[in-house]
Amino acid sequence: MELEELRQVTRSFVLSHQTLCITGVSFDKRCLVGYTELTLHPLVKNFNVIKLNARQLTIYAVTINDERNVEFSYDDPNIQILSDDDPRRDLTSFLKRQQRFFEYVDPDEGNGELTIFIPLSLQQQEQNSSTTNDDNNNNNTTDIVYKVTIDFSLEHPENGIHFFVPDDDAKLSRLSRHLFTTGHDARLWFPCVDSYCEPSTWTIEVTVEESLTVIASGELVECTTNNELKTYRFYLSTPAPAPFIGLAIGSFESVVDSNTQEITNYCLPGLLTLLTNTTSFVHEPLEYYEELLNASCQYPNYKQVFVTEPHAECIPFASMAIFNVNLLYPSTVIEATWHSRTQMAFALANQFFGCFITMRSWRDWWLLKGLALYLTSLYTRRAFGNNEYRYNLNQDMLDVIRYEREENPIRLDFAPIKSESDITNVNNRRGTMMSSQYLEVAAKKAHLVVRMIDDFIGREIMMQILNKLMCLATTACLKDAPLSSRSRLHISSKSFSRVVSTLTTKDIQALLTQWVYESGCPRLIGSFTFSRKRNVVELELKQDTTIKGSKKFLGSLVIRVQELEGSFSHTILLEDSVTKYELTCHSKVRRNKKKKIPLISGDEVDMDLNQMDPECPILWIRIDPDLKVIRELQFEQADYNWQCELRYERDILSQFEALEALKRYPSQNTRETLGTVLDSSNCFYRVRIECAYVLTHIANSMANTWTGTLATLSFFRRVFMSTNSTLSSTNVTTSSTNNLSLTVPSANIVRINDFSNSQMYMIQKTIPQAIALQRNKDRVCPPEVINFLFELIHYNENSKNRFSDAFYRSSLIDSLSNTLTNIGLTSTTTNVDLLLNHTLDTNTKRIFDEILLQLNYDKIIPSYGFCVTCSCLRVLHKLNIISGIPIDINVFYEYASYGMFDRVRLIACEILVEQIEIRMNQDVFEYIFNLITNDPDYNLRHKIIQHLCHHPPFRQNQTCSLNNPITVHRLWSLIKNFAYDNQIRNDLVELYQIMFGLSRPNCLPSLNETNEILIKDELDDVSDTIVDIDPERLSYFRLARYADDTKAAASKLASTSK
Amino acid sequence: MDNTNTDNPYDVLFERSLAVIIREYGFDNIELSAYHQFLDISNTILRRLLLNVKNFMEIQSRTEPCPADLARSLQMMNVKLSSLQQTYNHPIKHRLRSPDRQTETHPMKLFRVTSTTNNTSRKHRPIYIPDFLPEFPDPHTFISSETYADLRKDYPRVRHLLADQRRALQRSLVKFKLQTNEKLSVINTHGTNINDYYLIKYTISPLPYLSALLPQDQMESESTETIEDETVANISHRTKSLSATDDGEM
């Protein structure tokens, strides 16, 4: 085991300290100039070559220990990964080649783009000293130190560092210029060992104009001013690997956290009030994590920087984090809070697991991601409540299952494929070559797996383990700690499971095998019958292994049976694909139905049991109620059981399950139950909202027999609208649904907005959308509903409200779009006037007018984040597709152009992508390609490609006007051009796979056999020049985690070398 | 009004109500001594009346007076009940206008900017002008025309008005912007038709996030709030000043 781990890292030296000095920054030329100095300790005897990572840099000179102009070679194979003359255009060969190139420069394989040849004179010195040392002590060879200084510059970086330079010369625009690191590809902006398992201490020195502020990883130790130039010097005493070194330069405004002096927040000029509001809570998660882990954060301070156009919303670095400026929100906006706080809590969790304790290799990515998300969710659970936590957990699980079923299997350990013929999918590869969508879902799965481990070993022990890891890592940060102890700063799946097995007696290996090393998740189909004679529940569970992405699950599962006498849990063991269980029942069928029924929560409730099967004391059954297994569940029980479960069970997941199931049972009883739950104020708001949707669903499926108003509508009228003057106000709160629905609707006006109760606000905001989905017998939205929505918009009055109604307004516009139905109105007339004034349905016309008004008004008086504009654009798109209004494509071009707010741009681009999918418009396709190639906002490019992957114009070589050689060449050259942005390249490759498959696209003419042979993979014979490694020295540096382990490893090594 | 010997709240109240009655009869000013005489007379009359009522009550061996007692006492004091009826039915000519009656009886004066927007000093004419002469016209009546706005204030109507105004504002603002700015046609007209569907063309801003993250829509309400606060303050100030002038004139 240890040997294998050893082999993973085959670098021939150890980096103890690195100095990064940026001596000049120019925003006009978009360049950086500087040098870096690495302090290296060789691990091998004949140390003659140093391999470092560096891309898109210009290297001027290398100096080693005062030996100037040392010979070096600089070669980036990823640039030439695709040559234009490769006529094959198939992904299989491309992927093979890409993988080989990644290995060729992989620092963990001892490789790199920059090869420095150590001059002979220095080598001799070393040999001399080592021979003298060898006499005394074998291990005492650490005093040979190489100081490698590299002068470099970075010009017009495509990735790694992003320069934000507004075009105009206004004062505010000049002040807003800034630059920042875009991700964890450190090699893109300075020469380094770009590995997650090479932590070192850092000195970062940056010289900038006086007006600029520098924020970098580490503690600011010195700041000197000289000739209008300011030099910031940071020192990071906690060892961190190069990918987690962050930098941001700009005229930032800052605010120090009022509770903790260690936290400082920075933002662009003009946003200080938002910054203060958004970051006011940050000390809470920090304190929470420290208390939870019983360990303090190892960085002396923590900085949050909010910048524009970052590549992700939240990028954590050592002792700092970079966020998208869009996360800032004023105190008047309600819904932004959840997301922003979660992102910030996540960045902070990374200061413990992620950046401080890092992954050993990409194969352990899941563990660190999972741990950080796990900590984040523990915090959000505390901050936003258990219901919200469970809801998010369930959503994550559904996402994971959906992805496994529909897209690709998720294997979390990212193991390299053994044979290259196994490439069946672009995501089935090394960690750095995954598409962003895959990584996103994999992160969710990683979180669920860490949670499973937590369940398996218990929360308390889990915390002990995390505490242990933190403590071990902390000792490695001490000043006099040996370099070898730094291996404690990174963990792997194996080391983690070892720690678990030493601290507990439990072995998580089986769990890891099931969920990490293999992909797939089980699909359980269950049903039950009650045998009165024996008083047992006969439960049958089947595992469906035939569908895609499924996997047989063996292990224990919790079944919770709610009986008349209370709730009882049973643990069963799943062993076969079809298993039958007999669960003893604790209750007798009783005659006296008045008695209260105890629930799992400890409450006792009265239930109306009249409809219950008098022969069966089972109220409902739940399988795996606490989401302990990643599973897809399909459980059969009678509609009465589901109604009961929805009405009385207090667990929201159970209620969601029941709601999902009740969609299949449209009946009067269901309708009543849904109405009651919608009404009950002690229900979680998301349940009530979902209830509204299901109610609409039921109403639609019962459209022919439906009588009366939709309960949702009358609920909304009752709660959010002013009543007639004839009705006393006390009547409002107590009266039941029926007698109020009789009031004349036009007399009701929605109350002036009061969003002080956020749960009610969410309900008020979302319910109109659910109502708008109602359809009558003719499959159109009833005019009553449309009028209702227009009244809401008309009478919306926010002047007395403390909160902004921007999202409420945008939600009302979304509701309008929900009313649109495709009723076969396919007017082919090109006469626009005729269409708009005569053919078009009056309600559609009304909606169209309203959208234009809102869109224009939002331009004059913008809403927060232009959310109203975003909704309007979506409706315009829908009006175009469904109602056939010929919307000019220029409208979307206008909103997609650079200079608009990025969320609006994203929506416009998504619409354009969907237009391609539907209309196959070559010009739009060209426009989107241009955006992907040239747009300054990288995040937008990512998002467009991801959306293209979801909505490709065609799949798998389908016949389509866009499926032509031009598209192939265009996409191919895009893949070729994105040499520096792996993520975009990976996403593009995924798109290529979706559109053309892995082999040569069908639309291209087939190649001659002879030709194919001629195209030799000239790169096949790339031979790595990995130097021999002295295993003893390696073990000295790498294996010092546990004394026992070291001994074991040493003895193993000794035996193998013999 | 003389305030030196009026510690008793009853006296203060009595004096004031009498003053109001006098004023309702059209006396804008009165000499202090005459007023005191009035005060004494009415006091005495009332006292007398109450004494009589008390006596009657005791004769009838009751503990609480009833209307019949009052009627008999008034008769004893030579007041004809029919004349009381007449006084009650016949309204005082110069009664202060209550806002309700004003809207009903004088719709012409509705639009007239009275105390709400006008300075109080302008409203009251000097004493030397007899009251049968018409009021001074408001300073800007010459630009106003007759309106028949319905000022009845029930909740739905107010909301309706507010919503209408807000929507009209939105519409006209958009219309104005469309006329002054460059615009973009929403409908793909294929170059044939002219249509009415336009969007305001966007002017590219170098820092688009500023306008998005610092929205203005909430500002609007804050400013209206301050205005409303101001109006409330104005109203209370005005009522204070009103009572002050009344006092001074009495």
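Trainee: Before we count anything, what counts as a salt bridge here?
Mentor: A side-chain nitrogen of Lys or Arg within 4 Å of a carboxyl oxygen of Asp or Glu. Keep in mind that this is a predicted model.

Trainee: OK, and how many salt bridges over all chains?
Mentor: The count comes to 43 by this rule.

Trainee: Let's pick some. What does Lys147(A) pair with?
Mentor: Its partner is Glu37(A), with the closest N and O atoms 3.9 Å apart. Lys147(A) sits in strand β7 of chain A and Glu37(A) in strand β2, so the bridge ties together parts that are 110 residues apart in sequence.

Trainee: How accessible are Lys147(A) and Glu37(A)?
Mentor: Lys147(A) is partly exposed, at 37% relative accessible area. Glu37(A) is also partly exposed, at 22%.

Trainee: And which residue does Arg686(A) bridge to?
Mentor: Glu388(A), with 2.6 Å between the closest N and O atoms.

Trainee: Is Glu388(A) buried or exposed?
Mentor: Glu388(A) is buried, with a relative accessible area of 6%. Arg686(A) counts as partly exposed, at 21%.

Trainee: What about Glu518(A), who does it meet?
Mentor: Lys551(A), at 2.9 Å from N to O. Both ends are in loops: Glu518(A) between α13 and β22 of chain A, Lys551(A) between β23 and β24 of chain A, 33 residues apart. Glu518(A) is partly exposed at 35%, while Lys551(A) is buried at 16%.

Trainee: Which residues are joined into one network by salt bridges that share partners?
Mentor: Arg390(A), Arg560(A), Arg622(A), Asp626(A), Glu645(A), Asp651(A) and Glu657(A).

Trainee: Switching to chain A against chain B. How much area is buried there?
Mentor: About 5100 Å², and carbon and sulfur atoms give 63% of that. The contact takes 73 residues from chain A and 49 residues from chain B.

Trainee: How many salt bridges between those chains?
Mentor: There are 3. Glu797(A) forms a salt bridge with Arg166(B), the closest N and O atoms being 4.0 Å apart. The two chains also have 16 residue pairs in polar contact.

Trainee: Which elements of chain A touch chain B?
Mentor: Those giving two or more residues are α4, β32, α22, α23, α24, α25 and α27 of chain A. The largest share is 12 residues, from α25(A). By class, that side of chain A has 37 nonpolar, 22 polar and 14 charged residues.

Trainee: Now inside chain A. How is it split into domains?
Mentor: The domain assignment gives domain 1 through domain 5, with domain 1 made of 10–76 + 113–128 + 143–251 and domain 3 covering 362–516.

Trainee: How far apart are the centres of domain 1 and domain 3 of chain A?
Mentor: Their C-alpha centres lie 31 Å apart. The contact takes 12 residues from domain 1 and 7 residues from domain 3.

Trainee: What do domain 1 and domain 3 bury between them?
Mentor: About 660 Å², with 70% of it on carbon and sulfur atoms. On the domain 1 side, Tyr196(A), Pro199(A) and Pro239(A) lose the most area to domain 3, together 54% of what that side buries.

Trainee: How many salt bridges across that one?
Mentor: The rule finds 0 between domain 1 and domain 3, though 3 residue pairs are in polar contact. The domain 1 side has 6 nonpolar, 6 polar and no charged residues.

Conventions: Residues are numbered from 1 along each chain as its sequence is written. Chains are lettered from A and ligands numbered from 1 in the order in which they are written. This is a predicted model: local features need pLDDT of at least 70, side-chain atom pairs count only at pLDDT 80 or more; totals for chains, interfaces and linings use all residues. Side-chain values use heavy atoms; hydrogens and water are left out. Domain bounds come from an automatic or database domain assignment. Contact means heavy atoms within 4.5 Å. Buried area is the accessible area (1.4 Å probe) that two parts lose on being put together, summed over both. A polar contact is a pair of N or O atoms within 3.5 Å; within protein, one must be able to donate a hydrogen and the other to accept it, and residues adjacent in sequence count only if both atoms are side-chain atoms. Ala, Val, Leu, Ile, Met, Phe, Trp, Tyr, Cys and Pro count as nonpolar, Asp, Glu, Lys and Arg as charged, and the others, Gly among them, as polar. Helices (H or I, at least four residues) and strands (E, at least two) are DSSP runs, numbered from the N terminus. Buried means under 20% relative accessible area, exposed over 50%, partly exposed in between (1.4 Å probe, protein chains only).
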